[in-house]
Amino acid sequence: MADSVVPTFGRPWSALQPALSPAMLDAVSSLGFENMTPVQEATIPASLQNRDVVVEAATGSGKTLSFLIPLLELLHRKRTRLSHTEIGAIVISPTRELSRQIFTVLQELLKLTALPYTAHLVVGGSSSATNTADEMSVLKELGPDILVGTPGRLEDVLCGRLRNGKRLKSGMITASGGVRGRPRVSAAKLEVLVMDEADRLLDMGFEASLTAIFSVLPKQRRTGLFSATMSEALGQLVRTGLRNPVRVQVQVHDRSTAGSERRVPASLAIRYLVSPPDRKLAQILRLIQMGGPLKYIVYFSTCAAVDYFYRLLRRMLCPLPAIVPGGKRAMREERDRLREHFQGGSASVHSLHGQMVQSKRQATYESFSAIPPGELAILLCTDVASRGLDIPDVDYVIQWDPPTDPKSFAHRCGRTARAGRSGQALVFLSPGAEETYIDFLALRKIPMVPADYLWQDSEGAVTMEPPADAISLVEEESDLEESEDEADDAEEADDGGEKKRRRKRRARNQDQLSKYPADTRSDALLELIRGLAATDRDIYERGKLAFVSFVQSYSKHEASFIFRLKELPIIEVAKGFALLHLPSMPELCGRPVSRFIPYAIDTDTIPLLDSKRETHRLEKLEKAKLAPPVKVEKREKNNTDSWTDAKEAKDRARERKLKRIRRRDAVASVEEARLMQEIEDPKIREAMAKDPLLAKRMISRRDKSLRDMAEISASKNQSSRQTATRTLDDIIADAQSTKRKSESSSSEDEDSWEALARKEAIRKKLAAKAKGKGKKFTFNPGFSDEENSS
Ligand SMILES: Nc1ncnc2c1ncn2[C@@H]1O[C@H](COP(=O)(O)OP(=O)(O)OP(=O)(O)O)[C@@H](O)[C@H]1O
């Protein structure tokens, strides 16, 4: 459980050099922070000395104050005078929640210090014109000095992509004849730019917006980049226009392993559990039952999975479930059956993901944050809540599956064990290839230890010991495997060994799974959930969607050498989602589907609990039955044909496009940096710094002259090569005709050998000649013209 006492850190704030203003010292003291955290101690002085900073420090180490304090101090010290439409500082963060959180801390500091600056939060969240128009009028009225926001909306405001409350595409002609909206604020006097979670911002997704924002910022500014996983983005930093930055890296030492370095807080214990994927839900419930009334965050890779498990857990754990088929009595019975699998009492269950409307996202974040310690509360979410969020008193972070982006792992775990408090994290891994993830993280200085598998006895109590009825899966399933293998043998000959490889892989996975004794209570829980799905269409459909989206997201893992779809025990995954039937998808081709026992139900008969929607559904179904059958042209069988194809193709095209943009921009910024280094004249450098277009023009001119030079030298080379080749060809032709005349009777073989010998003699002669002229010839007789070069 989290410590209730705020731990003390390094030196007091008053020891900082250069010293903070008295108002700021009072403010931090009012916040209850007597001493600085290590990252604050290292970063604030460097920023106050007008240095650019790149800061990497573990999650929860106090980075927010490390950039907000110097930001305000710098504006204050420089006595920056800003007109109504000018801004002095910008803080960019990747998510709306994080921006809002930073904004709240900033507002608090402004209030406590009474500095004469105003801040404004610029986040998206509604596509309605009224909201956008509201925001524009607020901006106009308020005339803020500091903007905090997400890249897209900041781009709208800074680069003028908003006009009359409507978002314009770049270059779009408006009704009033203008090409783009005018920027609402001017960044010409900007002093400070901060990018929080900079590595995420520098990822491809924000590329276009950031490039546009950078183009309107003055080059003479202070820039700070902050993240817990900064080192992974160092390659892209050149784009951000940092000047001679100070790199602050706060190292954490592991007391348990003789002080070895780690990238996660020392007070955070991370465990992993290697278990068959169909047991995750039972394990999570047992963990919560054993842990008691704590605050848990459970991460999933997809929004659909969050939605599905949110509905399930609400039915299981919340005091007042929504509508249940069969009325109150049925509700009580269902509750009793579910409670056999969880005896941890009632819990409040929340969900948060990127497809929720912003108001709901915000409400969930606030209500979960407000839950005091000592109450059982569970937040199910995606990575939208993985970075930066400072939710108080989170005790346990559970990861249903590892994140698609490996960087997110540390960020997810970092929602607990913040500011020196203790916390725990658990990640589930499937047996086999996924176990490599342990070493993969260890290399990234994220150490993990194995967790115990939890069992439940017949009374429902959680134990560490398997009950007596736990039997090995091998015996049960070996018969099935044998029959499948025989069928494979027959086909093996004509498919180039693919079947054999598949069989081997399957055998290996099965072998891994068979190590685990059966967990009958986990199976019974899943069967119970299948029962729920059979009576509630919402759960049934969401389960299917969650499974399909899981499989899709699995194939998008960045660490694809670990997360190989072909090695995923996909049938167990489907069982873990308590599916009634396996959906038809290409990923299931060639898998041992016979291990999945379909639920005996016609899925058309599963009702929606909402009577209006159900009536509508039945009407539609009836109409479809009466309608004449549509003649579907038979498509050629193709393994990749599926309803997931269109989306995948679109995603691939998008990725390709982003890659192209990234490559082009990277080349452009490297070129720009190189040109700046090459030019010594300070006047030209200054002019280039002020006008990015000038730099671009110079690069394109230089490129053109380089191209011209390259063309001239290429044509020179070509003509000299032609001369050399012609000379050699002539000599060889002469030699061969002489040979043919004199030795017309020799065999073909002899002829070629003789010719080679002659050529070799010629080569030596030419080489000697060239040596005399100071040139070197290489000649490979008769094989490749390319090697005949001078
Ligand atoms: N000097 C301090 N003393 C005690 N607590 C502090 C101090 N500075 C910040 N904190 C607290 O530490 C917690 C974490 O701070 P913050 O959110 O800035 O961490 P972070 O490093 O940005 O984490 P993340 O990488 O997850 O974004 C906050 O609750 C904050 O109030």
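Two strands count as paired here if DSSP finds at least two bridges between them. Helices (H or I, at least four residues) and strands (E, at least two) are themselves DSSP runs, numbered from the N terminus. The model is a predicted one, so local features need pLDDT of at least 70 and side-chain atom pairs count only at pLDDT 80 or more, while totals for chains, interfaces and linings use all residues. Residue numbers start from 1 along each chain as its sequence is written.

With those terms in hand, Ala269 has Gln424 in E17 as its bridge partner. That pair belongs to a run of seven bridges between strand E12 (residues 268–274) and strand E17 (residues 423–429), which run parallel. Both strands sit in an open sheet of seven, ordered E14-E15-E13-E16-E17-E12-E18, with parallel pairing. At the edges are strand E14 (348–352) and strand E18 (449–450), each of which pairs on one side only.

Now for the chain as a whole. The protein chain carries 24 helices and 20 strands. Of its 790 residues, 35% count as buried; a residue is buried if 20 or more other C-beta atoms lie within 10 Å of its own, exposed if 12 or fewer, and partly exposed in between, with C-beta atoms placed from the backbone. Contacts reach well along the sequence: among those between residues at least 6 apart, 76% join residues at least 24 apart. A contact means that the C-beta atoms of two residues, placed from the backbone, lie within 7 Å.

The ligand comes next. Its shell holds 21 residues, and the closest are Thr59, Gly62, Lys63, Thr64 and Ala419; a residue is near a molecule or strand if its C-beta atom, placed from the backbone, lies within 6 Å of it. By type, the shell splits into eight nonpolar, ten polar and three charged residues. In that scheme Ala, Val, Leu, Ile, Met, Phe, Trp, Tyr, Cys and Pro are nonpolar, Asp, Glu, Lys and Arg are charged, and the others, Gly among them, are polar. Domain 1 (51–250) and domain 2 (261–468) each supply at least three residues to the shell, the bounds coming from an automatic or database domain assignment.

Helix H3 (residues 63–77) gives the shell its largest share, three residues. The end C-alpha atoms of H3 are 21 Å apart, in agreement with the 21 Å that its 15 residues should span at 1.5 Å a residue; the expected span is 1.5 Å times one less than the number of residues. H3 is mostly covered, with twelve of its 15 residues buried, and Lys63 and Thr64 are among them. After H3 comes Arg79, whose phi is positive, near 45°.

Nine of the twelve residues of H9 are buried, including Lys280, Gln283 and Arg286. Gly292 follows H9 and has a positive phi, near 85°. Helix H18 (residues 537–554) has 18 residues and reaches 26 Å, again close to the 26 Å expected. Among the buried residues of H18 are Arg537, Arg542, Lys544 and Phe547, and the cover over its buried residues includes helix H10 (303–317), helix H17 (520–535) and helix H19 (570–576).

Strand E2 (residues 89–92) is buried on both faces: Ala89 and Val91 point one way, Ile90 and Ile92 the other. E2 pairs in the parallel sense with strand E4 (residues 146–149) over four bridges, where Ala89 stands opposite Ile146. E2 also pairs in the parallel sense with strand E7 (residues 192–196) over four bridges, and there Val91 stands opposite Val194.

Most residues other than glycine have a negative phi, and most peptide bonds are trans. Asn244, in the loop between strand E8 (222–227) and strand E9 (246–249), has a positive phi near 45°. Asn244 is exposed, with 6 other C-beta atoms within 10 Å. Asp393 also has a positive phi, about 60°, and is found in the loop between strand E15 (377–381) and strand E16 (396–399). Asp393, however, is buried, with 20 other C-beta atoms within 10 Å. Finally, a cis peptide bond joins Gln17 and Pro18, with omega about -5°, and Pro18 is in the segment before helix H1 (22–30).
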